Amino acid sequence: MFDGYDSCSEESTSSSSSEDSEDDVVRSIPASLPIIKNNGQVYTYPDGKAGMATCEMCGMVGVRDAFYSKTKRFCSVSCSRSYSSNSKKASILARLQGKPPTKKAKVLQKQPLMAKLAAYAQYQASQQNQAKSKSVVPAESFDWGRYICSSNTVGAPVSCFKHAPMGTCWGDIKEGVRIEVPNSDTNLSTKVYWIAEIIKLAGFKALLRYEGFDNDTSKDFWCNLCIPEVHPVGWCASSSKPLVPPKSIQHKYSNWKPVLVKRLTGAKTLPTDFTAKVRENMQFPFKKLMRVEVVDKNYLCRTRVALVEQVIGGRLRLVYEDDGLDDFWCHMYSPLIHNIGWSRSIGHRFKRSDVPKKAEGQVDAPTQLFQKVKDVEQSEEWFKDGMKLEAIDPLNLSAICVATVKKVLADGYLMIGIDGSEAIDGSDWFCYHAMSPSIFPVGFCEINNIELTPPKGYTKLPFKWFDYLRETGSVAAPVKLFNKEVPNHGFRIGMKLEAVDLMEPRLVCVATVTRIVHRLLRIHFDGWEDEYDQWVDCESPDLYPVGWCQLTGYQLQPPASQSNRDTPLSVPKQKKKTPQYKGQKKKRKIPVGRRPFSQSGRRRSSFSGDEEHSPPTYCVQGPARPRAHLHPIHKSESLLRMKEDPADGDEFTFTQGTSDQESNGSGSYYIKQEP
């Protein structure tokens, strides 16, 4: 045994005339039909007649045409995805035994759109407390190491995620670095350590091999480098911890000390303060009961006051101040949250809270905690109402759509509407900053070989911007007004990571980068069809390195099982149709959470909302499908910095061709880059 070695505001109102009209509708419905009244709308269902369906996941009964997928087996996208998880057996068994649906099913019923699917929703709501009291079996942990080795893939480096813990101070940690870790290959009852070498890196996780095994891979193992049991070489000596060689190679040398001294001379190890840096990076400034302004899930065009209820790894569970049961998850650097008073300062619509005053312990989150946006000069050549552009649809992040500037706000913010889908009252407009990487000039999709979603009802296909601008009498927003920066992000096609499913932002899933268009990443959720892919910016706070969930204690959703997906057996595969929009009706509140499929086949997804208000330790094992805070950098650590060279002028020329290469270079706009 060795003793170690050195080494503007808007109130939510309801007019009396609308209430009277709703009451008249209720009185006019025959008493024999069950009534569900939700969010000011009335739905009726002829119980027991043809056209009804039962969800195979949560047991909901509803109109068959409103169910999800061609097979109509599930009431929502969430249930379809949850069916493939480990929780499906317990949920189905409970339903077959006549027990109430699970807690997840209960939460789904509270969504306004889901309400019209449940003919007996009020009975199920009365059973909610009983469902909450049921215990759930925790999901098995996902083995990232085995998954990466079996698919022979690589994980995105930690330095790609500036908002993640250690993202800005990861330093020169790479293959060949030596560390001290617990020795699992021993018969000793006490905890002992041995030196290991990093063979492969994938985010926070590393494939390790004990010193002395040389080319023998039999004892290789994966380990998260940020856990407390990982130390730099020399820690055992300074902490009086024993270094004991693994029993498999213990007799390889009679004296290990000179062997270690020879092998470790000149080798790299972790910084001495690595563990302290990890602890420091795991401290987050947002605290419970802090007040923020956040987008309203029911009306994207306005914000509301919300309270921080929970903080996990920098992700916030927020609840609206005037509705403690309505919540959703987002990162603390998300563009969806702002300091109190932000809406008034820029002229954004705002719903006043019904709460008369702050409760005890509630404080406004300090302004300095929120991510700053780039200052812009709103000159005469600035965006104007009616200008056309292309934008990522916040309700369907797999689509980039034809869009219009609806209103110009202060400080560079714009209200954007998707052409062909706007509600008459503008309730589905959404706010993007002019420097947002989610809006693009006219022609961006065509030049970069990305499918552009045309306006709903536009029949002159294929869509041509020149013809559309002439027909609508509109002009395109100048190219020079858009974000020109392309950081050296470091992502490569095929890299693995953990990504938030922005349709259900409480879920973090196993994902892959499948396409890179300059700073724009196409994120694919492993095990799911391409239609669930999402366009995400390379600096999005909703992307994390491999091992982030393990480090923070957040539940990771593994890839869906191929055999458990909702795939029709007898229906022949058809060519995917071009996504189309389904506009909103006047005075109808459309929640942002889970949206039904439109008749045209367009999948409606979530912008930021999620009705689930339980913490992220879910019984769902499979995916339920699916700017950075800079920490101090140690002097001895190296940092992969983003290049920020000045752009080559404000004007850009559109050239023919595609741009699907992994372009990380800055100094030119990402419309087109010549090789």
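Visitor: What does the secondary structure of the protein come to?
Guide: It comes to 15 helices and 28 strands. The model is a predicted one.

Visitor: How much of the protein counts as buried?
Guide: Of its 675 residues, 55% count as buried. The cut-off for buried is under 20% relative accessible area.

Visitor: Why is Trp548 called buried?
Guide: Its relative accessibility is 0%. Buried means under 20%. Trp548 is at 0%, so Trp548 counts as buried.

Visitor: Where is Trp548 placed, and in which helix?
Guide: Trp548 belongs to helix H15, residues 548-552.

Visitor: What is Trp548 in contact with, leaving aside its neighbours within four places in sequence?
Guide: Among them are Pro165, Phe204, Ile312 and Arg315. Contact takes heavy atoms within 4.5 Å, and these residues count as contacts of Trp548. Ala164 is 384 residues from Trp548 in sequence, yet their C-alpha atoms are 8.1 Å apart in space.

Visitor: What makes S5 and S6 a pair?
Guide: Pairing takes at least two bridges. Strand S5 (residues 178-182) and strand S6 (residues 193-202) have five, so they pair, in the antiparallel sense.

Visitor: What is the order of strands in the open sheet of five?
Guide: The order is S8-S7-S6-S5-S9, with antiparallel pairing.

Visitor: Why are S8 and S9 called edge strands?
Guide: Strand S8 (221-224) and strand S9 (231-232) each pair on one side only.

Visitor: Which helix lies across S6, S7 and S8?
Guide: Helix H8, residues 144-151, lies across them. Helix H8 runs at about 125 degrees to S8.

Methods
Residues numbered from 1 in each chain as written. Predicted model: local features only at pLDDT ≥ 70, side-chain atom pairs only at ≥ 80, totals over all residues. Heavy atoms only, no water. Helix = DSSP H or I, 4+ residues; strand = E, 2+ residues; numbered from the N terminus. Buried < 20%, exposed > 50% of the residue type's maximum accessible area, 1.4 Å probe, protein only. Axes fitted to C-alpha atoms, helices over the stretch in contact; angles between N-to-C directions.
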